[in-house]
Each structure stands twice: as C-alpha cells, then as structure tokens.
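User: I would like a close look at one part of this structure, its pockets. Please keep it brisk.

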Amino acid sequence: MDFITKKEIDLVALLQKSHCPSAGAIVLFSGEVRNHNVGKSVRYLEYEAHASLAAKMIAEILLAARNRWSLSIAHAQHRIGKVKVTESAVVVITASVHRGEAYASNRYIIDRIKHEVPIWKCEHFADGSKEWGGNCNCDKETGDVNKHIYEFESV
Amino acid sequence: MRIQVFAILKDFFKKEFELNAKLYTIADLRTHLSLLNPNATPVLNRCRFAVQDEFVTDEYTLTGNEHIVIIPPSSGG
C-alpha cells in the first residue's frame, strides 16, 4: 500500500485485505473531511505533502508501532490533493490478538502522523476563502518544534 | 543552494528558488529568509528544515550546494 496517494481511499477494500487469522481485533480509523470548521462551512480540503519524506516517516512510525505492540497488521495511508466532504483523508489500520493493542497502536500512529509528518491541509470554505489550517502548535507549549503533546499519552 | 517551501510558506516565497547568499548554517538561512520577507518570520520560526529527506538542526553547516526543504508545522489528518 502506498503511504501517500492521490487516489480516493477505498476503506472497504482496505478492510477486506486486513483480515488476519491470528488477529482477534482490527481497528480501522478513517480521518474524514467534515463540512464545517471554526464556525465556517467547508467545501473541501486540499492536502499537500513532501511526499518522499512523508512516506519515509510513516514507514518509521509504523515500524515503531510494531516494535511497541504485538501487531499482525499496521497500515497507514494519507491522501493528497482535493478531498471532498465525507471522503477519507487518512486511514490507519491495526490488527492484533486483542483489541487493547489494536486501539492503542492505532491512536499512536494517527497522533504521530498528524503531529510530525510533513502533510498540510488547506481548507476551502463555502464563502470562497481558503486557509492553511489545523497546524500542530505543540511547540507553543513545549518550546520545541520536535516535541509534541500526544493524545495517546493521555489515555 | 536550492530552497523548496510548502503550504503556507508559499504565500511568502516562490515554491522553489535558488539562493546565492553566503550563509553558514540553517540558523543563518532562517534569519536571511526572515529579512527577505519579515511577514514570514512567525512561520519560519516554527519550521523544521530538511536536507535530502533528513531533518537538520539550526547548527547544520551549509556548503551552498544543498537542496533545502522548509517544513511548516504539520496539519495532516
């Protein structure tokens, strides 16, 4: 599976490929485009990435997840280009013997992708305006662009 | 050196451009770009820099032949 793709993410097909005899739990997270943000109506999002660096980093994050948990499957794919409302912008699939590891590792992977990987969204609003938004701003608290506050650490 | 920028930085600089200034470190480059476009300073101060798909620190020594990528804070997902 390509880590970065211009094509529409086919969640059903990806899930179908993710069944594994040794896994009792599969978690599929789909980050989808919603029709509103900061009180404004959203028409669509446009994603941009430093593709080679982003792919390399996603591979490293997946490997780190596999080293931390016992996983049968750890996949992630992020879409770039124009993504319409209700379409998937990012998918993370994890599978393990029991659900605890599948949930925890899935959250770890999506958190790290959102905070660290060079991918950016530009929001296109219904009023015709656009804005590069939703940036990681952990450095405002940590004082370091390489230090993040992850959700997976607080659960 | 060749500079490539992404996302919001494209509002301040060309997507890719050549820079011939005598700069010794990434910190110098950050300062130089801030002087070229002061409006970009708040973003530049929060950017990571990469050379050949590897992140580098402010102390990284420049030879002048690099392809430097400037990475604003991520907003994927």
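How many residues in the lining of the second largest pocket are nonpolar, how many polar and how many charged?

Analyst: This is a predicted model. The lining of the second largest pocket divides into 3 nonpolar, 6 polar and 4 charged residues. In all, 13 residues line this pocket. Those nearest its centre are A:I110, A:D111, A:K114, A:H115 and A:E151. Helix α3 of chain A, residues 99-116, gives the largest share of the lining, 5 residues. The space inside the second largest pocket is about 220 Å³.

Now the largest pocket. Its space is about 290 Å³. The lining of the largest pocket has 16 residues. Nearest its centre lie A:E32, A:R34, A:L45, A:K121 and B:G77. Four elements of chain A each give two or more residues to this lining: β2 (25-32), β3 (36-37), β4 (40-49) and β8 (119-125). By class, the lining of the largest pocket holds 6 nonpolar, 5 polar and 5 charged residues.

One more element of chain A deserves a word, helix α2. Helix α2 covers residues 51-68, 18 residues in total. From first C-alpha to last, α2 reaches 26 Å. That is close to the 26 Å expected at 1.5 Å a residue. Several residues of α2(A) are buried: A:L53, A:A54, A:M57, A:I58, A:I61, A:L62 and A:A65.

Notes
Residues numbered from 1 in each chain as written. Chains lettered and ligands numbered in written order. Predicted model: local features only at pLDDT ≥ 70, side-chain atom pairs only at ≥ 80, totals over all residues. Heavy atoms only, no water. Expected span 1.5 Å × (residues − 1). Buried < 20%, exposed > 50% of the residue type's maximum accessible area, 1.4 Å probe, protein only. 1 Å grid on protein atoms, 1.4 Å probe; cavity = no way out; pocket = protein on both sides within 12 Å on 5 of 7 lines; lining within 4 Å. Points joined across faces, edges and corners; volume = space filled by probe spheres on them. Nonpolar A, V, L, I, M, F, W, Y, C, P; charged D, E, K, R; others polar.
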